Amino acid sequence: MIEQFDLNNSEQYTLSIRLSTDGFSFSIYNPLSGNDFYYRVYPINSQRSMAANVKAFLAATSELKHPFKQTNILVHSSRYTPVPLELFEDEQMEAIFYQNLPQQKNELILCNILGKTNTVILFSLDKLAHLFLSEQFPSANFFAAVSPQIEHLSYKSTQGNNLKLYANIHERSVDVLAFNRGSLLIVNTYQVSGSNDVNYYILNLWQQLKFDQQRDELHLIGQPESRKEVTTCLQKYIRHVFNINPHAEFNQSESSPIEAIPFDIQSLITCE
């Protein structure tokens with residue numbers, strides 16, 4: 001409940017806004033009150049543009065009108081591409097991005113430099129949506145939603161001596177990340193319409209990367225109900241299938257159940 005947060009003290013809090021075609025959401029994080037989160041979902045109109053939805057979201061959401069210590073904006077989509085840090089040059093961002101993805105009008109190419117994996121994630125956001133957000137939050141940090149996941153999971157993947165594949169299952173997509181003891185092997189986001197699609201992409205990548213069915217590990221992330229069918233199926237083919245539960249350090253949250261808060265937002269907080 002927002003009553004747990006005194007928005008007169010909002011300058012002590014972190015605001016994280018998440019933009020997705022599934023809908024928008026935001027969280028307010030209070031590190032001074034038992035790692036408490038306030039989380040709220042905002043439905044979008046699929047018949048309107050991203051910019052129109054962002055404008056309506058900002059106008060209708062009173063909590064966002066307060067000043068915050070830090071503002072993060074996460075863009076969840078499949079329009080991103082990883083680049084090795086040693087090959088990255090600012091002036092080549094658009095050229096590299098459009099080598100891997102079809103060009104779209106009126107989009108801005110942004111980047112996140114990930115020090116733990118020496119990787120740069122190039123991603124896009126509608127120019128007008130970026131303008132609306134930048135006007136209201138001039139100091140905001142923009143992230144591809146996969147970026148904090150890469151940083152967080154690269155560390156987790158160093159535990160043990162085997163290869164690890166992580167799949168973060170959303171309502172209409174799945175983020176898949178593979179690591180070799182902290183080194184990023186692959187990251188991709190696939191559009192899905194059910195658990196059969198999720199199973200297909202995971203097993204296909206497992207085979208492409210030549211992961212060992214008896215030794216290497218698969219870790220599933222997402223709402224418990226979305227993981228259940230996938231776990232039951234994939235345990236027939238992969239010996240070590242695990243479920244990643246919400247971060248233990250956030251389990252004291254009283255304002256919103258930690259299970260409701262997207263994993264990329266949780267990862268971003270742990271990476272700060």
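Select strand β10, residues 173-180, in this predicted model. Of its 8 residues, 7 are buried, where buried means under 20% relative accessible area with a 1.4 Å probe and protein chains only. Helices (H or I, at least four residues) and strands (E, at least two) are DSSP runs, numbered from the N terminus. Residues are numbered from 1 along each chain as its sequence is written. Because the model is predicted, local features need pLDDT of at least 70 and side-chain atom pairs count only at pLDDT 80 or more, while totals for chains, interfaces and linings use all residues; side-chain values use heavy atoms, with hydrogens and water left out.

**The partners of β10**

K164 stands opposite F179 in β10, and a hairpin of 3 residues joins β9 to β10.

Next, select β11, residues 183-191, an antiparallel partner of β10 over 8 bridges. Here A178 stands opposite I186. In the hairpin between β10 and β11, with 2 residues between the strands, R181 takes a positive phi near 50°.

**The whole sheet**

Now show the 5 strands of the open, mixed sheet, in the order β11-β10-β9-β12-β13. β11 and β13 (240-243) are at the edges with a single partner strand each, so one side of each is left without a neighbour in the sheet. On average, neighbouring strands are turned by 15° against each other, direction ignored; axes are lines fitted to C-alpha atoms, for helices over the stretch in contact, and angles run from 0 to 180 degrees between N-to-C directions.

Select β12, residues 217-222, which pairs with β9 in the parallel sense over 6 bridges. H219 in β12 is the bridge partner of Y166.

**Helices on the sheet**

Helix α4 packs on the sheet and touches β9, β10, β11 and β12; its direction makes about 35° with that of β10. Helix α6, residues 224-234, also packs on the sheet, touching β9, β12 and β13, and its direction makes about 155° with that of β12.

Within α4, residues 146-156, select S154. Is S154 buried or exposed? At 3% relative accessibility, S154 counts as buried. Leaving aside neighbours within four places in sequence, S154 is in contact (heavy atoms within 4.5 Å) with K116, T117, Q149, F179 and G182.

Notes
Buried means under 20% relative accessible area, exposed over 50%, partly exposed in between (1.4 Å probe, protein chains only). Two strands pair if DSSP finds at least two bridges between them.
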